[in-house]
Amino acid sequence: MTDSQTISNLAPQPKPWIEAIHAYVPGKSKSADGKPLIKLSANENPLGTSQAALDARAQAVAPSLYPDPDSVALRGALGELHGIDPVRILCGTGSGEILGIAASAYAGPGDEILYVRYGFSLYEIVAQRCGATPVIAPDADYGTDVDTLLSHVTERTRVVFVANPNNPTGSFLPRGEIARLHAALPADVLLVIDQAYAEYVAPEDDDGALALAAAHNNVLVTRTFSKAYGLAGERVGWATASTDVIGVLNRIRGPFPLNNTAQATTLAAVKDQAFVEQSRLHNLAERTRFAAKIAAMGNHGLRAIPSEANFVLVLFEGALTGETAYNGLADRGYIVRWLPGQGLPQALRITIGKPADMDAIATGLREMAEAAK
Ligand SMILES: *Cc1c(COP(=O)(O)O)cnc(C)c1O
């Protein structure tokens with residue numbers, strides 16, 4: 001027993017809304033018995049990282065020096081690539097940090113933050129963290145229905161989160177639906193369009209979110225280097241909105257959100273769009289092939305939700321359960337994402353990996369489905 005405990009039973013009390021939070025659960029890389037597995041549980045890039053980005057990382061500013069607090073070079077490069085004034089760009093320690101500061105800048109106790117069921121699990125945490133009430137609109141066969149979402153807007157709604165494509169479902173709202181959602185929202189509600197997987201969407205299918213953020217002062221679009229850029233470990237995200245919204249977020253962000261290697265690496269990565277395009281095309285080919293294999297197991301109750309992201313949500317609606325499939329894939333050397341905590345015990349979210357791994361997973365699922373009774 002420590003001295004302080006002998007002196008008093010009093011202890012600091014967290015705010016009740018903080019106590020209610022269940023911490024974010026990251027994708028695992030080991031089985032329950034500690035055996036290393038091929039990790040298809042966190043939507044990382046199976047092609048790794050751009051070589052140009054790795055080379056730049058080795059040349060980053062010395063760690064004894066503070067990084068540029070404003071990530072000027074990176075914001076300039078992102079602005080050039082996407083046609084955005086860098087004044088309207090904010091960088092963060094992963095886009096997760098930006099989602100959190102956006103919630104706390106615009107919502108608090110008594111306010112509501114709205115998103116769809118089977119939305120990104122971080123939305124609940126960032127809503128609770130600032131004391132706001134999470135409001136969850138029902139899904140439409142695992143997708144987002146704009147009218148259902150709108151029917152849950154109240155005068156207390158301050159922020160609406162939409163991931164497009166969505167995680168963990170992979171579902172996607174086309175440009176017209178995003179525009180319709182924005183047009184029907186009150187002007188004082190912040191619409192956050194989380195484009196973590198936007199680089200996987202074909203350019204002609206762009207959802208128009210960046211253009212909405214340029215034209216309106218209640219739209220925030222977030223992006224990340226964690227997925228198609230293959231830089232999850234560097235922890236870099238960025239966002240764009242009106243100068244007013246970006247100004248607000250800049251006041252409460254961390255003072256040095258991006259360290260020296262993160263800035264050097266992502267700057268080079270932005271300039272290597274060939275790697276991003278290669279990642280998109282690899283993902284498209286493998287996702288298409290894998291989804292077709294799942295469709296061929298429809299007689300066993302397996303079903304893949306149509307995905308625009310770098311993963312597929314596979315539903316188990318027959319004799320083979322999600323849990324048995326999860327454990328069986330682990331026995332075969334693969335860790336995927338089973339999400340009973342998100343209300344999806346009947347589903348596995350499987351990251352699109354290398355061709356041989358996707359073949360092995362499809363074969364394993366077929367063996368298990370045929371053996372199940
Ligand atoms: C992976 C992911 C992010 C990105 O998180 P980072 O903090 O940038 O690594 C954001 N939103 C969604 C929906 C994601 O799946």
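Reader: Great. Which strands does helix H14 lie across?
Author: Helix H14 (residues 355–371) lies across E9, E10 and E13, and runs at about 155° to E13. Helices (H or I, at least four residues) and strands (E, at least two) are DSSP runs, numbered from the N terminus. Angles run from 0 to 180 degrees between N-to-C directions, with axes as lines fitted to C-alpha atoms, for helices over the stretch in contact, and contact means heavy atoms within 4.5 Å.

Reader: And how far can I trust it?
Author: This is a predicted model, where local features need pLDDT of at least 70, side-chain atom pairs count only at pLDDT 80 or more, and totals for chains, interfaces and linings use all residues. Residues are numbered from 1 along each chain as its sequence is written, and side-chain values use heavy atoms, leaving out hydrogens and water.

Reader: What is the strand order in the open sheet of 4 strands?
Author: The order is E9-E10-E13-E12, with antiparallel pairing; two strands pair if DSSP finds at least two bridges between them.

Reader: Which strands stand at the edges?
Author: Strand E9 (302–304) and strand E12 (337–339) do, each with a single partner strand, so one side of each has no neighbour in the sheet.

Reader: Which residue in E13 stands opposite Phe311?
Author: That's Thr351. E10 (residues 311–316) and E13 (residues 344–351) pair over 5 bridges.

Reader: Switching topic: what's the order in the sheet of 7 strands?
Author: E2-E8-E7-E6-E5-E3-E4, an open sheet with mixed pairing.
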